[in-house]
Amino acid sequence: MTQVAKQPDVSRETDYFLGHIGNVKTIDDFLKDYRLYTYAMKAYGLSDMGYAKAFMRKVLTEGVSDKDAFANKLTDTRYREFATAFNFAALGANATSTTAATTGTATQYVTQTMEQKAGDQNEGLRLALYFTRKASTITSAYQILADKALTQVVQTAMGWSPTISSSDIDAQAKMITDKIDLTDFQDPTKVTKFVQRFAAMWDATQAQSDNSTNPALVLIGSAATSASLDTDMLATLQNIKFNR
């Protein structure tokens with residue numbers, strides 16, 4: 001995390017964000033500043049929705065206080081997280097002065113960047129990091145099914161074929177709840193074990209020949225491999241999420 005945060009491109013964008021986000025007083029101000037807006041969108045894993053400003057305006061305008069607010073009705077919890085961090089609906093001009101909007105978002109950005117860079121080396125590693133970070137937010141099977149990365153991790157860990165994604169959504173949700181106690185994802189130790197299971201299954205299905213980037217060996221911390229990411233690191237990342 002520290003190494004990624006110090007990289008010139010990450011450091012430059014983070015400095016700009018922290019130096020200017022406090023000047024944003026309205027949703028219009030936020031959406032008009034391309035650098036601030038795209039930084040925040042990436043921080044919450046929404047880069048692919050950066051173009052949808054009308055959609056995001058509705059998310060921010062309605063906030064999260066009302067159970068019928070737009071963000072609360074969306075299965076994808078990323079929008080609720082975004083509207084919570086930048087809570088213009090409840091805080092108005094003070095929305096960008098909270099910890100969640102400032103250092104919280106910066107931490108999210110560094111984490112997202114780390115996952116992306118890990119994915120450049122090994123997709124399995126990126127998925128493992130992402131699941132570790134998101135696990136504690138999972139409260140229903142539909143949340144998993146609404147997120148392609150979470151779905152891939154669960155399907156791989158359970159040994160299910162990706163083809164089941166074409167089946168009825170309710171049937172998929174039942175399959176998940178029948179086999180997985182979702183409350184386990186509130187326990188960092190159980191999350192780590194699930195990620196280790198995913199890593200081993202990923203290795204088996206990918207049949208990687210290069211042990212230096214083998215996610216199973218990296219995550220499980222095999223004594224036969226010089227692992228760059230072991231279970232201690234996974235626990236650290238999990239603690240970042242639980243203590244934030």
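Helices (H or I, at least four residues) and strands (E, at least two) are taken as DSSP runs and numbered from the N terminus. The structure is a predicted model, in which local features need pLDDT of at least 70 and side-chain atom pairs count only at pLDDT 80 or more, whereas totals for chains, interfaces and linings use all residues. Residues are numbered from 1 along each chain as its sequence is written, and side-chain values use heavy atoms, with hydrogens and water left out.

The chain holds 16 helices and 0 strands. Of its 244 residues, 47% count as buried, where buried means under 20% relative accessible area, exposed over 50%, and partly exposed in between (1.4 Å probe, protein chains only). Contact is taken as heavy atoms within 4.5 Å; among contacts between residues at least 6 apart in sequence, 56% join residues at least 24 apart.

Lys-25 lies in the loop between helix H2 (8-20) and H3, and with a relative accessible area of 42% Lys-25 is partly exposed. Although 69 residues separate Lys-25 from Asn-94 in sequence, their C-alpha atoms are 6.9 Å apart in space. When neighbours within four places in sequence are left aside, Lys-25 is in contact with Phe-88, Gly-92 and Ala-93.

Aromatic pairs were considered next. Rings of Phe, Tyr and Trp (its six-membered ring) pair if their centres lie within 6.5 Å, and planes under 30 degrees apart count as stacked, over 60 as edge-to-face and the rest as tilted. A search of the whole structure finds 15 such pairs. The rings of Phe-30 and Phe-82 are stacked, because their centres are 6.1 Å apart and their planes lie at 15°. This pair links distant parts of the chain, with Phe-30 in helix H3 (residues 27-32) and Phe-82 in helix H7 (residues 78-85), 52 residues apart. Both Phe-30 and Phe-82 are buried. An edge-to-face pair is formed by Phe-185 and Phe-194, with 5.3 Å from centre to centre and 70° between the planes; Phe-185 counts as buried at 2% relative accessibility, and Phe-194 counts as buried at 9%. Ring pairs also link Phe-30, Tyr-37, Tyr-44, Phe-82, Phe-86 and Phe-88 into a cluster.

Charged groups over rings were found as well, the criterion being that NZ of Lys or CZ of Arg is within 6 Å of the ring centre and within 35 degrees of the ring normal. The charged end of Arg-35 sits over the ring of Tyr-16, 3.9 Å from its centre, and that of Lys-58 sits over the ring of Phe-70, 5.3 Å from its centre.

Helix H7, which carries Phe-82, is largely enclosed by the rest of the structure, because 6 of its 8 residues are buried. The buried residues of H7 are Arg-78, Tyr-79, Glu-81, Phe-82, Ala-83 and Ala-85, and they pack against H3, helix H4 (34-43), helix H5 (53-62), helix H6 (70-73), helix H9 (100-121) and H10.

The axes of helix H10 (residues 123-134) and helix H12 (residues 148-158) come within 10 Å and cross at roughly 105°, the axes being lines fitted to C-alpha atoms, for helices over the stretch in contact, with angles running from 0 to 180 degrees between N-to-C directions. H10 is therefore roughly perpendicular to H12, given that angles under 35 degrees count as roughly parallel, over 145 as roughly antiparallel, 65 to 115 as roughly perpendicular and the rest as oblique. The contact is made by Leu-127, Tyr-130, Phe-131 and Lys-134 of H10 and by Ala-149, Leu-150, Gln-152, Val-153 and Val-154 of H12. H12 is mostly covered, with 9 of its 11 residues buried, and these buried residues pack against H10, helix H11 (141-145), helix H13 (169-179) and H14.

Gln-172 is placed in helix H13 and counts as buried at 6% relative accessibility. The C-alpha atoms of Gln-172 and Ala-141, 31 residues apart along the chain, are separated by 8.2 Å. Beyond its neighbours within four places in sequence, Gln-172 is in contact with Leu-145, Ile-164, Ser-165, Ser-166 and Ser-167. Thr-192, in helix H14 (residues 188-206), is buried with a relative accessible area of 12%; Thr-192 and Thr-132 are 60 residues apart in sequence and 7.2 Å apart in space, C-alpha to C-alpha.
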